[in-house]
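Subject: Handing over a structure, with notes

Dear colleague,

I am passing the structure below on to you, and I would be grateful if you could look through it with the notes that come after it.

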Amino acid sequence: MKKSFLFLIILVAAVLVGVSGCLGGDDADSDNNSTIISEPPVSETNNSSNQSNATIITTFNGSVVTVSPLPNGFTHLATRSVNANSEKIGISDPIIGYRNMLTYDNSNVYLSVFKCSGNKTADDYIQEMIASHAAKYGGDSTISTVQINGHDATRFEATVQETPQEGRYMLAWTNWTGDVYDDSYLVVVYGQTNYSVIKELAEASNL
């Protein structure tokens with residue numbers, strides 16, 4: 001009788017241990033499943049819509065501002081080296097660049113690229129341009145973000161009554177490989193013409 005009772009106790013204990021182990025295993029599986037559900041599969045992560053179509057600048061010479069083929073209506077006049085602080089684009093530092101001067105319907109249009117290899121990056125200079133434009137035109141300064149060749153560009157507009165000497169519209173953006181050891185480049189397109197012409201030249205640059 002005592003042996004039967006002892007056997008029954010051992011059997012009950014074994015069953016309880018087994019049930020406890022099964023419950024623990026279910027909880028562990030549940031935790032793993034919740035982690036998988038909360039994290040999207042890698043295949044669902046798609047950044048292709050954010051990829052830029054721009055050509056990354058690796059060699060800095062006059063060819064960076066050469067547009068070939070030119071869109072209809074544009075005529076190339078000259079390519080020269082310039083300093084940013086003499087271009088009336090809102091930059092005070094004499095960073096070196098190249099400027100392509102073109103005409104469209106008897107109006108001058110400019111495509112400039114500046115090499116930013118000092119303490120300031122191209123993004124820093126865009127912020128300087130934004131501050132300068134806002135200070136110069138006040139309530140007549142309109143600044144927004146647009147897409148050029150799949151990347152963000154800053155669009156400047158002076159809504160003053162008379163067209164400024166440098167033009168009413170300007171586009172500026174950064175061209176950079178993403179490597180912290182590489183220089184960044186500032187691309188600026190502006191001129192005494194309407195915005196559609198500025199944008200067309202910006203897109204034709206492939207930068």
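Residues are numbered from 1 along each chain as its sequence is written, and side-chain values use heavy atoms, with hydrogens and water left out.

The protein chain holds three helices and seven strands, where helices (H or I, at least four residues) and strands (E, at least two) are DSSP runs numbered from the N terminus. Along the sequence these elements come in the order α-β-β-β-α-β-β-β-β-α. Of the 207 residues of the chain, 35% count as buried; here buried means under 20% relative accessible area, exposed means over 50%, and partly exposed lies in between, with a 1.4 Å probe and protein chains only. When contacts (heavy atoms within 4.5 Å) are taken between residues at least 6 apart in sequence, 58% of them join residues at least 24 apart.

Confidence deserves a word before the details. The mean pLDDT, which is the predictor's confidence in each residue from 0 to 100, is 82 for the protein chain, and 76% of the residues reach 70 or more. Confidence is lowest in helix α1 (residues 2-38), with a mean of 43, and highest in α3, with a mean of 98. Over residues 15-49 pLDDT stays under 50, and for this stretch the model has zero contacts beyond four places in sequence. Where pLDDT is low, the predicted coordinates should not be read in detail.

The largest nonpolar core has 25 residues, among which L111, V113, I148, L171, W173, V189 and L201 touch the most other members; such a core is a set of buried Ala, Val, Leu, Ile, Met, Phe, Trp, Tyr and Cys residues joined through side-chain atoms within 4.5 Å. Two or more residues of this core come from each of β3 (107-116), β4 (141-148), β6 (169-175), β7 (184-191) and α3 (195-204), and the largest share, five residues, is given by α3. Leaving aside residues up to four places away in sequence, W173 touches a set of residues that includes I126, I148, H151, Y185, V189, A202 and L207. A second, separate core of 19 residues includes A84, F114, Y125 and I126.

Which residues of α2 are buried? They are A122, Y125, I126, E128, M129, H133 and Y137. Seen down the axis of α2, these buried residues fall within an arc of 160°, so they line one face of the helix, the arc being that of the directions from the helix axis to the C-beta atoms. The face turned away from that buried side carries the exposed residues Q127 and A135, whereas the cover over the buried residues of α2 includes β3, β4, β5 (151-158), β6 and β7. S132, also found in helix α2, is partly exposed, with a relative accessible area of 29%, and its C-alpha atom is separated by 5.3 Å from that of G90, 42 residues apart along the chain. Just after α2, G138 takes a positive phi of about 55°.

In α3 the buried residues are Y195, V197, I198, L201 and A202, and they cover an arc of only 165° around the axis, which puts them on the same side of α3. Just after α3, N206 takes a positive phi of about 60°.

Some single residues complete the notes. T103, in strand β2 (residues 96-104), is buried, with a relative accessible area of 18%, and touches G73, F74, T75, L77 and N108, not counting residues up to four places away in sequence. The peptide bond from S68 to P69 is cis, with omega near 0°, and P69 lies in the loop between α1 and β1 (74-83). N106, in the loop between β2 and β3, has a positive phi of about 65° although it is not a glycine, and N106 is exposed, with a relative accessible area of 78%.

With best wishes

How values were computed:
Predicted model: local features only at pLDDT ≥ 70, side-chain atom pairs only at ≥ 80, totals over all residues.
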